[in-house]
Structures are given as C-alpha cells and as structure tokens.
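This briefing goes with the sequence and structure shown below. Please keep both in view while reading.

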Amino acid sequence: MANRGNATGVLVLGAIAALAAGGIAAWLLWWKPRQEREDARAQIAAWEQRWAAVRTCLLGDPPLAADPADALALAELASGQVTAASSGCLEQVKTLTRPEGAASPVAAVEAAWMEVEAAIPAVAQAYAMRYSARDDEIDRRVADLGVAITALDAAQDRLRAAAGVAAAARTGTHTLARLPAPVPVVVDGAAVTVGAAGVARAGALTWADDLDGDRPAIRVTSAPTAGFAARWPGDAALAQPDRSWMAWVSASTPAGDATGADAAAPGPSRLHAAPTAPAAPDAAPVIAEIGPGQELELVAALGAGADRLILALRYDDTGEPTEDVVDDEGDDDGASFYGEELELAGTLVAWASRDGGATWQPTPPPLGDGAPAAAAITGYAVFPDWLAGTLDVVLGTAAGDLLVQLDGARPTAPAVARPIPDGDLADGCRRGGVTWWLAGQTVYRAAAGTITERPLAVPDDAARLADCTATAALIEQASAPVVYHRCVEAGCSQAFRGGSYAFGRAAMLPDGGVVYVAGRGHVLALWRDAATAPSYLALPRALSLHDVVVWGDAAHALVHEPRDPDRALLAVPLPPR
C-alpha cells in the first residue's frame with residue numbers, strides 16, 4: 001500500500017509538473033506572443049485613428065481617389081482656393097505621433113514602427129511647405145505632399161503586416177483617365193517658354209519677340225511642333241498670306257558727297273519689293289521713286305501669286321511721324337503689328353503687280369464704299385491674322401476711325417472702309433477673316449466689310465475676349481465663380497459657369513463648343529460646355545497649367561515643369577467628347 005501510495009504521489013507530482021511545464025510553454029509559445037500582438041495592435045490602432053483624421057482632413061471623406069496623390073490634387077481642385085484646401089489641418093498633423101508606451105517586444109513590429117516614425121516628419125514638412133507655397137510653387141508642393149502621404153501609407157501597411165493585420169483598404173470616388181506624355185512646343189527649332197508665349201487663342205499661340213534692332217519677329221504655332229517665325233526690317237511690310245516677299249522704302253541719299261551748307265539736296269527715296277530678307281536690299285528692283293519733300297509709310301503688302309498689292313501712306317515731309325509701336329496685347333514692347341500717328345494728314349496710295357512682282361504700276365487703293373478722301377488719313381494701325389493671311393487696317397480720320405479688312409489671298413479685291421463704332425481692335429480676336437472685339441457691354445463682329453453688334457449682359461469693364469472662331473466668340477466675365485458667354489451673330493448667351501474651383505483656362509473649339517481646364521499637381525479637371533461635373537485626367541507627373549489652345553479640332557493643355565527655371569512649354573492633347 002505504501003508503495004502504491006508513493007507511486008500515486010509521484011504520478012500526481014509528475015502531472016502537476018507537466019501541467020506547469022505545459023502552462024509555461026503555452027504562456028511562452030502562445031499567450032505571451034498573442035498578448036504582445038494585441039498590445040502592438042492596440043498601439044497601432046491608436047496611431048491609425050490619428051492618421052485617419054489627418055488623411056480625412058487632407059484628402060476628404062471619402063477621398064476622391066484611391067491614390068493619395070490623386071485624391072489630394074482632386075481635393076484642392078474642388079476647393080479652388082489659392083491657399084491649400086487642407087489649410088485647416090495643422091492641429092491634426094501636429095498630433096501625428098506614435099502613442100506613448102513601451103517599445104514593442106516584437107522585433108518586426110518595432111522595425112516597422114521605425115519606418116513609420118521616419119515617414120511622419122516627411123508628411124509634416126511637406127504639409128508645411130504646401131501650406132506656405134507661393135502661387136508658382138503650388139503644383140510641385142502638392143506633388144511632394146502626395147508622395148509623402150503615399151510613403152506613410154506604405155509604411156502603415158508594413159506595420160500592419162508585422163502585427164498580423166491586413167493592409168488598410170483605401171478607396172476613392174473617382175477614376176482618373178491617363179493622359180499621354182506631353183511634348184515640347186517648338187517653333188523655328190527653338191523651345192517656346194512661358195515668358196515668351198504670348199496669347200493662346202484663335203487656333204494659335206502667337207507672340208512677338210523683343211525688337212532686335214530694327215527687326216521685329218513674330219512667332220506662331222499651329223501645332224506643338226508646327227508653326228513659323230517671321231522676321232523683317234521694322235519699316236518694311238511683310239506680305240500676307242505667306243510672308244514670301246516684302247516691300248520697303250530705302251532711305252533717301254544725297255546727290256553728292258558735299259557736307260554742311262554746300263551739301264546737295266537729298267535724293268529721292270525708293271520703294272522696293274523682293275523676296276523676304278534679300279541679301280542686298282538696296283540692289284532690289286525699284287518700284288517707284290518718292291520725290292523730295294515727300295515720305296512714304298508702308299501699310300500692307302498682299303498677294304502670293306500673280307496678283308500683288310502694296311498699300312502705303314504718302315505725306316509731305318514737313319515733320320516726322322510719331323511712332324506708337326504696340327503688340328497684340330496693346331503693350332508697348334515686342335511688336336507683332338505697328339501703329340502710326342502722323343503729324344500731317346496722309347494720302348492712301350497703292351501699286352499693283354499682275355505678274356508676280358516682276359513689274360509694278362500705280363493703282364487706286366482698292367477701297368470702294370466708305371473710302372476716305374485724299375490727304376485725310378491722320379493715323380493707321382495694322383492687325384494681321386497670321387494663320388488666315390488677312391489684315392485689319394485701321395485708318396484714322398478727322399471724322400473717326402475706319403476699318404478696312406484685306407485678304408492676302410485676294411489682294412486686288414475691292415474692300416470696304418467702315419466706321420468703327422467703339423472699342424480698340426488691338427484686343428480683338430481674328431479667325432478666318434472675321435474679327436471680334438469688345439467695347440463695354442457690346443460685342444462687335446466684322447466680316448466682309450460689315451460690322452454688327454450685340455449686347456452683352458455683364459457689368460461694364462468686367463469682361464475680356466478669351467477666344468473665337470469665325471462664327472462665335474468666347475467672352476470671360478470677371479466674376480467669382482467665373483462665367484463664360486458665347487456670342488454668335490444672333491446674340492450672346494451664357495455658355496459655362498464655374499463652381500468654386502479656380503486657376504482655370506478656357507478655349508473655344510471649331511464648332512463653338514467651350515472647354516475649361518483647371519490644374520493642380522499632376523491632375524487636370526476638364527469641363528465641356530455646360531457640364532456641371534468635370535472629367536479628371538492624370539498627367540504623367542506634376543506639371544503646372546499655363547493655358548489652353550485649340551490646334552486643328554483638338555484642345556491642348558499647355559503645361560510646364562514646376563521646377564524648370566526656363567519654364568519651357570509642353571503640350572498634351574485633351575480627349576475629345
């Protein structure tokens with residue numbers, strides 16, 4: 001019995017020892033790791049509440065896209081503010097720290113926490129830089145913040161994986177269509193930069209270089225890598241429609257070499273015409289000699305085939321003309337056309353060629369109804385449509401200004417001089433021989449010698465002419481939100497009204513449709529006509545929107561690299577309807 005009792009005691013003690021060992025093993029192998037994981041998950045969950053609050057503030061609830069860089073750009077486009085849409089997120093960002101507590105004993109979790117803690121300052125710094133960014137820095141700062149959020153999201157997923165938690169679900173309400181890579185805008189072998197880009201409208205990007213001595217230059221794009229650059233002497237007339245020849249007046253020269261009181265009287269000035277940029281201008285054929293005591297100011301050169309015309313102003317040389325050189329925005333630098341105010345009244349004169357410029361004969365100016373009387377011109381200005389090859393010639397008279405529309409393809413066709421009711425044609429939009437311009441609350445259209453006008457229901461001096469076709473004009477109303485009006489021969493009506501978004505640019509398609517584009521970071525928002533919701537487009541990288549231009553039938557966004565000091569223009573086609 002004693003032996004049996006002893007055996008039983010041994011068995012009990014063994015069982016107790018086994019149970020103790022099993023408990024210790026379970027504690028070591030199951031319960032303790034589980035508790036550590038639970039503790040780690042609790043700390044992670046506490047931090048994720050903070051991170052979720054920051055993401056909601058920055059990206060919206062729900063985010064507009066699954067990708068944080070996309071969502072951030074969309075959130076800022078939706079706000080349309082100069083400051084960040086997330087400018088009130090500072091308090092949330094400041095709390096974005098790891099909750100207090102001991103370091104995790106799980107090595108993988110602690111290593112993942114180190115990645116999270118390294119990514120948090122990058123988000124805070126990127127947010128601070130975005131919040132304080134200048135206007136010209138916004139796009140790249142938005143991109144930088146998107147990169148920082150993406151990096152912290154990735155670190156969060158690795159932290160969750162180390163703690164045995166599935167990756168966070170991130171969704172969005174919008175899907176972005178991907179745009180092709182933009183291509184450089186190049187004219188005459190040279191890259192086009194923002195500083196030189198001029199005006200994007202009427203199917204072209206047109207600008208004038210600074211005057212190089214007496215040689216102005218005009219550059220025109222008709223596609224990203226198509227267009228032309230034209231240069232000619234400042235006192236010459238470059239022929240429309242193809243710029244293949246020019247007319248100019250050579251300076252008068254003394255008849256002898258004497259100087260001082262015994263100097264000979266000046267000889268006659270000479271009118272020349274020859275292919276553009278002749279090697280020896282003074283040796284070019286002489287069309288006419290301008291006698292002493294007279295001066296000739298060239299107004300226009302027209303024609304590319306057999307029929308050609310030179311139009312000029314002749315006046316007695318008792319004073320010098322006062323030059324008023326303006327560009328296509330009405331400024332006094334970089335001329336793409338020129339204006340003259342004469343101290344004396346001049347007379348319109350013309351020369352015509354019927355054999356492609358081989359011979360020339362004086363001819364009456366081809367101005368029929370409304371032509372000014374002789375010696376009645378007190379000033380003039382010339383405004384070309386470089387794509388259509390047409391010219392608007394404004395003639396100043398004592399009774400008011402007259403508009404003469406000339407066509408380089410029909411140089412000798414009779415034109416009509418019509419009184420200009422009001423406004424400045426320097427700010428006009430020209431397309432296909434039709435000219436639109438604004439004056440107060442009235443829109444004017446000139447075509448084939450006929451000027452029509454339509455009222456525009458906007459506050460006085462609160463509109464600008466944004467774009468045009470031959471049949472319609474696009475008027476931007478300076479308001480918040482922005483409003484665009486479409487004007488046709490029948491009248492004007494609202495074509496597009498923006499929401500709270502900003503930074504937009506508009507253009508008019510050949511059929512009169514309106515496109516409006518706003519950009520932020522690598523995302524463009526595209527509205528068409530009266531659409532209340534845009535389509536969202538993703539550029540390959542963060543780019544700043546400069547303007548919108550219609551080449552052919554397609555609208556193109558003109559963008560540039562935010563970090564490019566030269567800001568070379570790039571073009572990307574926008575999808576059709």
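The model is predicted. Its protein chain contains five helices and 36 strands.

**The chain as a whole**
- Of the 577 residues in the protein chain, 47% are buried.
- Among contacts in the protein chain between residues at least 6 apart in sequence, those joining residues at least 24 apart make up 54%.

**Helices α4 and α5**
- Two packed helices are described by the angle between their axes and the distance between the axes.
- Helix α4 covers residues 107-131 and helix α5 covers residues 138-162; their axes come within 8 Å and cross at roughly 165°.
- Angles over 145 degrees count as roughly antiparallel, so α4 and α5 are roughly antiparallel to each other.
- The crossing of α4 and α5 is left-handed.
- Where α4 and α5 are in contact, the residues comprise 21 nonpolar, one polar and five charged.

**Ser544**
- Ser544 is part of strand β34, which spans residues 544-551.
- Ser544 has a relative accessibility of 6% and therefore counts as buried, since buried means under 20%.
- A polar contact of 2.9 Å links the side chain of Ser544 to the side chain of Asp139.
- Leaving aside neighbours within four places in sequence, the residues in contact with Ser544 are Asp139, Leu558, Val559, His560 and Pro562.

**Cis peptide bonds**
- The peptide bond from Asp61 to Pro62 is cis, and its omega is near 0°.
- Pro62 sits in the loop between α1 (2-59) and α2 (68-79).
- Gln240 and Pro241 are also joined by a cis peptide bond, with omega about 20°.
- Pro241 belongs to the loop between β9 (237-238) and β10 (245-250).

**Positive phi at residues other than glycine**
- Asp188 is not a glycine, yet its phi is positive, at about 60°.
- The loop between β3 (186-187) and β4 (190-191) holds Asp188.
- With a relative accessible area of 47%, Asp188 is partly exposed.
- Ala448 is not a glycine either, and has a positive phi of about 55°.
- Ala448 is found in the loop between β24 (442-447) and β25 (450-455).
- Ala448 has a relative accessible area of 77% and is therefore exposed, as exposed means over 50%.

Note on methods
Residues are numbered from 1 along each chain as its sequence is written. This is a predicted model: local features need pLDDT of at least 70, side-chain atom pairs count only at pLDDT 80 or more; totals for chains, interfaces and linings use all residues. Side-chain values use heavy atoms; hydrogens and water are left out. Axes are lines fitted to C-alpha atoms, for helices over the stretch in contact, and angles run from 0 to 180 degrees between N-to-C directions. Helices (H or I, at least four residues) and strands (E, at least two) are DSSP runs, numbered from the N terminus. Angles under 35 degrees count as roughly parallel, over 145 as roughly antiparallel, 65 to 115 as roughly perpendicular and the rest as oblique. A crossing is left-handed if the near helix is turned anticlockwise from the far one by less than a right angle, and right-handed if clockwise. Ala, Val, Leu, Ile, Met, Phe, Trp, Tyr, Cys and Pro count as nonpolar, Asp, Glu, Lys and Arg as charged, and the others, Gly among them, as polar. Buried means under 20% relative accessible area, exposed over 50%, partly exposed in between (1.4 Å probe, protein chains only). A polar contact is a pair of N or O atoms within 3.5 Å; within protein, one must be able to donate a hydrogen and the other to accept it, and residues adjacent in sequence count only if both atoms are side-chain atoms. Contact means heavy atoms within 4.5 Å.
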